[in-house]
Amino acid sequence: MSETLVEVASEEHVAWLTLNRPDVRNALSADMCDDLVVALHGVEADADIRALVLRGAGPVFCAGADIAGLSGSDGARFLESFEAMLEAVARTRVVTIAAIHGAALGGGFQLATVCDFRVAGRTAKLGVPAAKLGILVNFENVQRLVLLAGIAAAKEMLLTGSTYSGEEAAPAGLVNAVVDDGRVQEAARHLAGRVSALAPLSVQGAKRAIQAVIDHLGSARGTQSATVAEIDRLVTEAYASEDLAEGLVAMGEKRPPNFTGR
C-alpha cells in the first residue's frame, strides 16, 4: 500500500490536513505538494467545511523541502508543484490555520505564511534559511513575507538566515498566537471553532476582499514584469548552481558549506 502523504479528517465544520512524512520531518516533496492540492480540493467540495487546520505528523510541522528532490529536473518539478500548492492554499475559500509545533522551516514556513492564521508553540523554530543551502526564494514568496511581517523582519530572515522561536515570532508579526508547546492543536481547534461558528458567507466574502487587497498591494508582478522575470531567472540559476550542490553535500556531511558564488 502506498504511503498516505496527506491525511484528511473532519469534525464539526473543520477539516484537519496532516502532513504525513514524520520519518523525514514532513519534508515537502513534489508528490506531497500535489497530494495536498488534491486534499484541499476535496475539502473545498464539502460545503459543510468552513475552516481547515494544517498540521504535521510527528515531532515537527514541516522541516522544509526534501533535499533529495531539489537538484536538476527534480528541482524544477518540485518548484512547480510547490508554487501550485502555495497558490491553492492561499486562495481556498475555507479559512486556513497552520498549527506549528517543533519547526516550520524553509518551504514549511512558506506554507504556513499562506495560511490565514498561524498558531505556534513557544519553542517552535520558524524561518527561511534558504541562503544557508544555496536556494533563492522566488518573488511571490518574498512578497508574501514582506506583506506579512514587514521589510525589517523579511530582511533579517532572508539575508541572515535567522530563525525565530515561537515566542520571538509573535512580536515580529510572523504568527497570530503563541501557546505552550503541548497546546498547539488545542489552540488551533479553538480558533477554527470560532471561525466556523460565524456566518459562512460573511467570512468567505471578507477573506476574498482581503485577498483582493493583497493582490493589489502586490501588483508589482504586472507593473514591473522585467524585474520579476530577472528574479525568476536568478531562482532558476540558484537551483542549478554549484553552490546548491555544495550546500546539499555539506548538509549531508554535517559541516559548514564552502560557497563560491557559482
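1. Basis. The model is predicted, so local features need pLDDT of at least 70 and side-chain atom pairs count only at pLDDT 80 or more, while totals for chains, interfaces and linings use all residues. Residues are numbered from 1 along each chain as its sequence is written, and side-chain values use heavy atoms, with hydrogens and water left out.

2. Six strands form an open sheet in the order 1-2-3-4-6-9, with mixed pairing. Strands (E, at least two residues) and helices (H or I, at least four) are DSSP runs, numbered from the N terminus; two strands pair if DSSP finds at least two bridges between them. Strand 1 (6-11) and strand 9 (177-179) are the edge strands, each pairing on one side only.

3. Strand 4 (residues 95-100) runs parallel to strand 6 (residues 117-121), with four bridges. Ile-100 stands opposite Ala-120 in strand 6.

4. Cysteines. The count of disulfides (cysteine sulfur atoms within 2.5 Å) is zero. For Cys-33, the nearest cysteine sulfur is that of Cys-62, 8.3 Å away. Cys-33 is buried, because its relative accessibility is 0%; buried means under 20% relative accessible area, exposed over 50%, partly exposed in between (1.4 Å probe, protein chains only). Cys-62 also has 0% relative accessibility and therefore counts as buried.

5. Helix 8. Val-213 lies in helix 8. Val-213 counts as partly exposed because its relative accessibility is 47%.
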